[in-house]
Amino acid sequence: DYALQRIGHVIQRMDEPVLAARVTLSLAADPARTRPALAKANLDLGGRFVGAHVAAHGVPEAVDLLSDQLAQRLADRAQRLEALHRRPVGSEGPGEWRHGDLPATRPEYFDRPADERELVRQKAFVTAEQSVDEAAFDMDQLDYDFYLFRDVVTGDDSLLERRSGGVYRLQGVRPRAAAPGPTAVELDVDGRPAPVLTLDGAVEQLAEADGRFVFFADAVSGRGCVVYRRYDGHYGLLTLA
């Protein structure tokens, strides 16, 4: 009830319609976690999504943090959309869209042994071709560290990753010799193609590197895919329909 009240208050202050809203609350049983309460929200704004994901010491605190985080993301969204409408073409500057953020409240990764990890979620989603700036905008709004999309310039499945210092890294399934032109975000283009792997090979590579994700071109379809480490220590798979 408290979560419905807080998130509902955020929604009521919006100027655009919300088609659907989903809030998930959970309490991790792992005694080693210092912030076991998890809260997640996703809003559907006419096919464009805004989300937030936080961890806290208790559920009421998590709800408060989630409400504040979501309100800030919606405010940033409104400011960025207004800036896009007013900005002349070609006037973008590096990092122009970056705003101050609330302190990090992300959940901690559960240190599950590699031999116990399983692929527990596979998600294929539909997306229109996007520019790098549009992908960065959606990634920020969804509170993701990486984002799988189809590049409007090359037509290739591509991955955008947020790195330290507000820099974004771009890589596609095929070699890329040049940057996509002026962008509002500071961009580092990796011209190397994504490795061609099977799903089992990508999972094995992720386990060996003990990283957050592996972007790869599927050995059968050639489509871009991401296998990633979930907060519960298991693996998930993202593909483009």
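Trainee: What should I know before reading the values?

Mentor: The model is predicted, so local features need pLDDT of at least 70 and side-chain atom pairs count only at pLDDT 80 or more, while totals for chains, interfaces and linings use all residues. Residues are numbered from 1 along each chain as its sequence is written, and side-chain values use heavy atoms, with hydrogens and water left out.

Trainee: Is P107 buried or exposed?

Mentor: Buried means under 20% relative accessible area, exposed over 50%, and partly exposed in between (1.4 Å probe, protein chains only). P107 is buried, because its relative accessible area is 6%. By contact we mean heavy atoms within 4.5 Å; leaving out residues up to four places away in sequence, P107 touches L38, H53, V54, A55 and Y231.

Trainee: Which residues touch the most other members of the largest nonpolar core?

Mentor: A nonpolar core is a set of buried Ala, Val, Leu, Ile, Met, Phe, Trp, Tyr and Cys residues joined through side-chain atoms within 4.5 Å. In soluble globular proteins, nonpolar side chains tend to be buried together. Here the largest core has 16 residues, and L43, L45, L66, L70 and L74 touch the most other members. Apart from it lies another core of 12 residues, including F146 and V173.
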